[in-house]
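The tour goes from one selection to the next and says what is found at each stop.

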Amino acid sequence: MTKQDSSIKYMGYLDRVRVDDETLTIEGWVASQGAGRATGLHLDAAVSGKTCRLIEQVLHLPSPDVRAAYPALDDSDRCRFLLRVTLPEGLPSPMRDLLLSVELSFAQGREEGSAVMVAPSLPDTPPAPITFISSTSTASVTGPGNELAAQNPDVIDDMIPDYSVASYVGDTGAELFKVVGRLMLDWFKTYCDLKPEESVLEVGCGIGRIAIPLTQYLTTGRYEGFDIVRHGIEWCQQKVTPRYPNFNFFLADVYNKHYQPDGKQAAADYTFPFEDGTFDFVFLTSVFTHMMPKDVEHYTAEIGRVLKPGGRCFCTIYSISEEARRQLTSGSSRMAFKVFPEGYWSDTPNNPEAAIAYPEEYLTDLFMQCGLETTQVIPGKWWKNEFAQDILISRKFQRMP
Ligand SMILES: C[S@@+](CC[C@H](N)C(=O)[O-])C[C@H]1O[C@@H](n2cnc3c(N)ncnc32)[C@H](O)[C@@H]1O
């Protein structure tokens with residue numbers, strides 16, 4: 001979290017951000033240049049402006065490391081803080097837990113502007129503190145390898161497509177297009193221990209929403225992304241690959257009723273063009289939520305094939321869990337999924353590929369059959385917020401059981 005304002009200058013860093021159910025805990029530091037010590041931090045939900053209720057705020061914790069790095073900042077030897085707030089219910093944003101604005105009070109003034117903060121969970125070991133960024137930028141989700149973006153947001157901005165050609169990957173608005181990518185990257189690091197030198201495959205990469213921020217992290221690694229929508233792939237080939245030759249994008253001429261009705265090949269017949277055991281990490285965000293059962297089954301087998309033993313997969317889904325079933329049957333879900341004879345659930349009977357959910361045990365069994373052990377399912381509570389998909393994390397067996 002950093003910001004420079006015309007009146008008060010300050011620096012800060014989020015060492016840890018945790019979202020536990022409805023509570024957000026942030027540990028970090030903040031220090032001003034000339035406005036005295038911080039006297040208060042206030043968070044609001046950035047999208048709706050709804051207020052987060054403060055549970056605990058501890059300021060002025062010892063920070064000898066900050067003093068060593070930034071001796072000129074006010075009170076830099078006691079500028080660490082811990083903040084715990086409740087997150088308001090029912091925010092319209094897909095990042096309802098995670099996109100917050102910060103207001104800071106200092107001894108000699110209040111910071112009026114709100115720096116937008118992306119707050120999933122951050123790496124345990126902080127990288128070098130980031131420098132000021134403009135008040136209109138979202139604060140970077142920082143982590144090792146990501147300093148370049150923090151120092152120069154233009155690097156990212158130059159690759160971001162106009163939302164009018166990008167909305168097909170998520171109807172969330174232009175601002176969140178950027179945020180989602182950074183958020184996913186942070187989750188890859190947190191939940192899947194993604195390393196900058198690893199080889200990565202993205203299935204259904206759209207128009208680079210996640211690949212773009214990933215360019216700042218996957219420094220010595222390799223990225224391959226494919227999708228079935230031509231213009232997204234062409235955008236990435238033109239905007240990303242020339243700057244980052246270790247990022248390659250290609251088109252698969254595959255049918256999908258919702259995204260590519262002219263596609264020649266059935267997804268269930270499409271072989272990923274890679275040798276067995278090529279990748280350390282495969283991810284799909286909001287792709288199996290648009291694919292029919294036979295296609296999902298075949299793609300999962302392909303993921304299992306191209307992953308190295310021990311390789312990880314991060315996949316967002318609409319999972320029909322016990323809780324989801326309760327929400328659906330009580331009529332309190334925002335998504336009106338209904339079960340179909342083939343076993344999938346959809347709220348758009350004439351075009352199921354617009355949004356498909358699967359029973360959680362069907363997916364975990366399928367992954368298991370394909371050599372992928374589910375290590376974690378992180379509920380997104382999509383019945384409250386249709387953009388918050390569940391996350392299924394799996395690992396390829398070292399040897400088939
Ligand atoms: C909601 S978008 C998400 C895009 C991207 N994963 C992201 O998060 O920005 C769904 C994507 O899945 C792609 N898709 C659908 N069926 C596919 C298939 N069989 N193979 C690869 N991509 C597919 C669509 O073209 C679309 O880009």
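Two strands count as paired if DSSP finds at least two bridges between them. The model on screen is a predicted one.

Select residues 319-320, strand β15, and then residues 356-359, strand β18. These two strands run parallel and are joined by two bridges. Zoom in on Ser319, which stands opposite Tyr358 of β18.

Now show the whole sheet, which is open and has four strands in the order β15-β18-β17-β16, with mixed pairing. The edge strands are β15 and β16, the latter at residues 338-339, and each of them pairs on one side only.

**Second stop: the seven-stranded sheet**

Bring up the other open sheet, where the order is β12-β11-β10-β13-β14-β20-β19 and the pairing is again mixed. Which strands stand at its edges? They are β12 and β19 (372-378); each has a single partner strand, so one side of each has no neighbour in the sheet. On average, neighbouring strands here are turned by 15° against each other, direction ignored.

Select β10 (residues 199-203) together with β11 (residues 222-227): the two pair in the parallel sense over five bridges. Val203 has Phe226 of β11 as its bridge partner. Move on to β12, residues 247-251, which runs parallel to β11 and is joined to it by five bridges. Here Asp227 is partnered by Leu251 in β12. To get from β11 to β12 the chain passes through helix α7 (residues 230-239), and this β-α-β crossover is right-handed.

Then select β13 (residues 279-284) and β14 (residues 307-317), a parallel pair with five bridges. Leu284 has its bridge partner, Cys315, in β14.

Helix α10 touches β14, β19 and β20 (390-396), and its direction makes about 150° with that of β19.

Terms used
Residues numbered from 1 in each chain as written. Predicted model: local features only at pLDDT ≥ 70, side-chain atom pairs only at ≥ 80, totals over all residues. Right-handed = clockwise from strand over helix to strand, strands pointing away. Axes fitted to C-alpha atoms, helices over the stretch in contact; angles between N-to-C directions. Contact = placed C-beta atoms within 7 Å.
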